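Please examine the sequence and the three-dimensional structure shown below. The paragraphs that follow then lead through selected features step by step.

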Amino acid sequence: MTNPRDVKYANESIARWQDALKQRAMLATHNITFACLRGFLHELRARLALADIATVGNHLPAVQRGVFYQDWTPTDPLPTPDLAAFEAALAERLLPHVHMPEGLAADMLWLIKTESEPSDAAAFRAVLPAPLAEAWDRV
């Protein structure tokens, strides 16, 4: 019996994402790195319309997709007036266990942009709230 590609490479993919983010954001441990990745994905999810949530989920690797949907209850999307507001909400989400490193949102956007297939990255970019899309274009 063969395994689907997503299942076969799931552990490799999340390990690669964590290593890249840990190095880029200069994080101390993989536990902190995973908390930052999860926090970013959940904060992003909170700011997307239902169809956009599905788009993002469809373009994430298997483990990252599971993290993205973890503990989700559909609600109306939160506003994202600017990058600072998103980062403040992300920092609050990470507390009290993790103090958000400076530039984490940009580091996460870089991670998704560089670790995703180009078609997945393009689909992801297309549904980002405007302030995050602008940051995506700068990384």
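**Salt bridges and the nonpolar core**

R24 is partly exposed, with a relative accessible area of 37%. The model in which this value was computed is a predicted one. The side chain of R24 meets that of D107 in a salt bridge, with a distance of 3.2 Å from N to O. D107 belongs to helix 7 and R24 to helix 2, so the pair ties together parts that lie 83 residues apart in sequence. Is D107 buried or exposed? Its relative accessibility is 10%, and D107 therefore counts as buried, because buried means under 20% relative accessible area.

Another of them joins the side chains of E43 and R93, at 2.7 Å from N to O. Here E43 lies in helix 3 and R93 in helix 6, so parts that are 50 residues apart in sequence are tied together. E43 counts as buried, at 3% relative accessibility, whereas R93 is partly exposed, with a relative accessible area of 37%. Both residues also belong to a network of salt bridges that links E43, R47 and R93.

A further salt bridge is found between R125 and D137, whose closest N and O atoms are 2.9 Å apart. R125 is located in helix 8 and D137 in helix 9, so this pair ties together parts that are 12 residues apart in sequence. R125 is partly exposed, with a relative accessible area of 27%. D137 is partly exposed as well, with a value of 48%.

Which residues touch the most other members of the largest nonpolar core? Within this core of 36 residues, they are L37 and F40. Two or more residues are contributed to the core by each of helix 2 (10-24), helix 3 (30-45), helix 4 (50-58), helix 5 (62-69), helix 6 (83-94), helix 7 (104-115), helix 8 (118-126) and helix 9 (130-138).

When its neighbours within four places in sequence are left aside, F40 is in contact with F86, L90, A105, M108, L109 and I112. The reader may locate F40 in the structure and trace each of these contacts in turn.

Note on methods: Residues numbered from 1 in each chain as written. Predicted model: local features only at pLDDT ≥ 70, side-chain atom pairs only at ≥ 80, totals over all residues. Heavy atoms only, no water. Core = buried A, V, L, I, M, F, W, Y, C linked by side-chain atoms within 4.5 Å. Buried < 20%, exposed > 50% of the residue type's maximum accessible area, 1.4 Å probe, protein only. Helix = DSSP H or I, 4+ residues; strand = E, 2+ residues; numbered from the N terminus. Contact = heavy atoms within 4.5 Å. Salt bridge = Lys/Arg side-chain N within 4 Å of Asp/Glu carboxyl O.
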